[in-house]
Amino acid sequence: AGTAESAGKGKGKDVLQEMFYSECNLAEMAEAAGIDANRRLLIVADQFEEIFSEAVRGREGKISPSAIRFVSLLTGEAERKESNVTVIVVIGSHFLGECARFQGLTTLINRNSYFVAPPVGEALSGIIREPAALSGAEIDDWLVNILTEEFRTSGVRLTMLQHLLRRMWTLWNDGGRRGKISTEQYEAAGTLSDALSIHAGEMYGALENSGKRICEIFFKSVTG
């Protein structure tokens, strides 16, 4: 929010877009956006693996110019001496091989990587409980145990758990916010194994025929 507010006081969006495709670095773009050049700036690129789906265009596997430029801004800042900008890239370990698509990215990751093990115990319980608590909800202890064990043994990603938690909260909220989030919402959402496919089916079913056709074309193109 602070960056967006500062950007309004600096150069306009069109100018920053021009700078994106120029030879400017991140520090210069931040200064143009109204951020004090003497301040330390932290940039966190979370779920960085999403760039690989955005980067590839068509079956030829060509990388889009905007993806190349975005990565070069990050790697360039990491290699620049005496920079006030710190860049953190968060990426799933199973996507590390994809980083070879971008020049210099793999080298930087190998040189500066920090691996985080999957959450277990209290850390995993906190991931399950705390987002709901922030919205005034409470998850039943029995359900926390079920989710913890299912996540530990199924090998699914945290994003799958995140999706299920969101779906359960929505069902609880739409149901009048009565009591705790329990196995009632867990089973209605489809459990950890099926929640995503059930939600996708609901969204697909709500589309008009033209939307369904576009959806079919899209998924056929990305799945081959």
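Mentor: Contact here means heavy atoms within 4.5 Å. The model is predicted. Of the contacts in the chain with a separation of 6 or more, 63% are between residues 24 or more positions apart.

Trainee: Why is Ser83 called buried?

Mentor: Buried means under 20% relative accessible area. Ser83 has 13% relative accessibility, so Ser83 counts as buried. Its place is in the loop between helix H5 (65–79) and strand S4 (85–89).

Trainee: What makes the approach of the Ser83 side chain to the side chain of Arg80 a polar contact?

Mentor: The cut-off for a pair of N or O atoms is 3.5 Å, and one must be able to donate a hydrogen and the other to accept it. The contact with Arg80 is at 3.2 Å. The side chain of Ser83 also reaches the backbone nitrogen of Val85 at 3.0 Å.

Trainee: Why is the aromatic pair of Phe48 and Phe70 called stacked?

Mentor: Ring centres must lie within 6.5 Å, and planes under 30 degrees apart count as stacked. For Phe48 and Phe70 the values are 6.4 Å centre to centre and 25° between the planes. By the definition, therefore, the pair is stacked. The two residues are 22 apart, with Phe48 in the loop between strand S1 (41–45) and helix H4 (50–55) and Phe70 in helix H5.

Trainee: Are Phe48 and Phe70 buried or partly exposed?

Mentor: Phe48 has a relative accessible area of 4%, so Phe48 is buried. Phe70 is at 33%, between the limits of 20% and 50%, so Phe70 counts as partly exposed.

Definitions and conventions:
Residues numbered from 1 in each chain as written. Predicted model: local features only at pLDDT ≥ 70, side-chain atom pairs only at ≥ 80, totals over all residues. Heavy atoms only, no water. Helix = DSSP H or I, 4+ residues; strand = E, 2+ residues; numbered from the N terminus. Buried < 20%, exposed > 50% of the residue type's maximum accessible area, 1.4 Å probe, protein only. Phe/Tyr/Trp six-rings, centres within 6.5 Å; stacked < 30°, edge-to-face > 60°.
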